[in-house]
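These are my notebook entries on a structure that was new to me. I wrote down what I looked up, topic by topic.

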Amino acid sequence: MLTETIETVPIRSSEDIVRVRQKVRFHADAMGMSLIDQTKIITAASEIARNTFEYGGGGELLLEILRDGARRGLRVTFSDEGPGIADIEQAMSDHFTTGGGLGLGLGGAKRLVNEFDIKSQPGEGTRISLIRWK
Amino acid sequence: MPANFDALASAIEQSEKDLLRRWIAALTAAGATRSGQTSDKDLKDACGRFLNELRNAIKNGAGEDISSEQWQNAREVLEEISTARALRGYSPVETALFVFSLKEPLFDLLRQTLAREERLADVLVASGGLLDRLGLFTTEVYQKSREEVIKRQQDELLELSTPVIQLWDKILALPLIGTLDSARTQTVMENLLQMIVDAEAEIAIIDITGVPAVDTLVAQHLIKTVAAARLMGADCIISGIRPQIAQTIVHLGLDLQVVSKATMADALSLALKKTGQKVERIAARG
């Protein structure tokens with residue numbers, strides 16, 4: 001599988017979440033994703049970007065294009081150096097929240113993409129990557 | 001009055017016209033005048049006024065500190081010029097060049113006037129420092145004016161994007177456009193609740209055709225707005241749910257807890273029914 005890095009976007013303020021959505025939209029559109037697939041990956045990226053900012057204390061988004069034979073996909077990876085997640089299973093379950101939200105962000109984002117990967121350790125930050133294949 | 005500035009003021013006084021001409025030539029050569037944006041007459045006028053105030057300030061004993069009272073008039077001229085340039089879309093460089101372009105002709109003039117005098121170097125250093133401070137001052141003013149423009153645009157956007165429309169008797173419509181961040185959602189909610197009271201509305205249609213993505217935060221804002229409207233006795237209908245938005249809402253597992261319709265027309269038709277009203281086609285006259 002070939003990986004091509006496009007760019008990184010810092011997430012330091014709530015305005016950056018808007019920029020994340022715009023960047024993801026731009027690249028998803030450029031690789032010819034359908035409107036529905038675009039909207040799915042944008043919404044998922046928006047959820048995780050907000051978590052990175054609110055719970056992870058800010059971080060970074062890495063955008064990559066994947067090539068696997070004839071298949072192409074967009075991978076968005078969010079990483080932060082925040083407090084990390086102690087119980088990933090609990091965090092992924094619907095309606096669980098520590099911050100007064102709806103508690104659907106993580107689980108919802110997972111359902112919106114083809115591949116979802118989360119790595120987190122208490123005190124060592126969180127890294128979440130999402131892939132949507134075209 | 002510092003002696004160095006004294007020499008500067010008398011040099012300007014002696015050949016003001018010549019200096020003005022060469023300054024304008026330098027400004028043009030540096031590309032700091034945009035033809036069409038600032039007329040030659042305005043530019044000449046601005047340069048003339050600044051030179052005049054610069055000379056007056058030094059004559060009145062102004063020192064190096066350009067924030068002092070003696071520099072008041074010169075600062076006002078620069079403020080006016082910088083602000084006008086910021087509003088007309090000049091770049092910060094083009095704005096700062098207004099003062100910096102004066103350096104070369106002024107230094108030439110000083111070299112001629114003080115040709116064999118020992119104090120020439122001191123006068124040049126003092127004059128250079130003074131022009132640097134004045135130039136930086138224009139950049140500062142420029143920056144402030146741009147910030148004001150941005151602030152004003154943000155305020156305009158906040159108001160523009162949250163209109164509440166009386167659609168029919170007892171029916172309100174709230175078309176949402178763009179990103180729903182918390183500041184805007186707050187305005188939206190306040191406007192809607194106030195309009196519900198003012199218009200004695202029973203139904204509020206919230207249209208999200210112009211919202212590019214509905215994530216859990218947007219959904220949460222919508223749910224709160226609907227709940228608050230309900231407490232005031234008005235029911236909400238959400239309209240403008242496009243196919244891709246409907247799919248993402250389902251995948252996210254969101255329950256909007258409200259009646260929704262694909263188009264504003266469908267929502268209006270439902271609202272009319274709920275409020276016991278009817279719109280009929282007039283029979284062809286004939």
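I looked up A:S120 and found that its bridge partner in β5(A) is A:T126. Strand β4 (residues 115-120) of chain A and strand β5 (residues 126-133) of chain A run antiparallel and are joined by six bridges, where two strands pair if DSSP finds at least two bridges between them. I noted that β4(A) and β5(A) form a hairpin with five residues between them, and that A:G123 in the turn has a positive phi of about 85°. Strands (E, at least two residues) and helices (H or I, at least four) are DSSP runs, numbered from the N terminus.

This is a predicted model, in which local features need pLDDT of at least 70 and side-chain atom pairs count only at pLDDT 80 or more, while totals for chains, interfaces and linings use all residues. Residues are numbered from 1 along each chain as its sequence is written, and chains are lettered from A and ligands numbered from 1 in the order in which they are written.

Next I turned to the chain contact, and I found 17 residues of chain B in contact with 21 residues of chain A, contact meaning that C-beta atoms, placed from the backbone, lie within 7 Å. On the side of chain B that touches chain A, the elements giving two or more residues are α9 (216-231) and α10 (243-252) of chain B, and α10(B) gives the most, with seven residues. I recorded that the residues of this side divide into seven nonpolar, eight polar and two charged; Ala, Val, Leu, Ile, Met, Phe, Trp, Tyr, Cys and Pro count as nonpolar, Asp, Glu, Lys and Arg as charged, and the others, Gly among them, as polar.

Note on methods: Contact = placed C-beta atoms within 7 Å.
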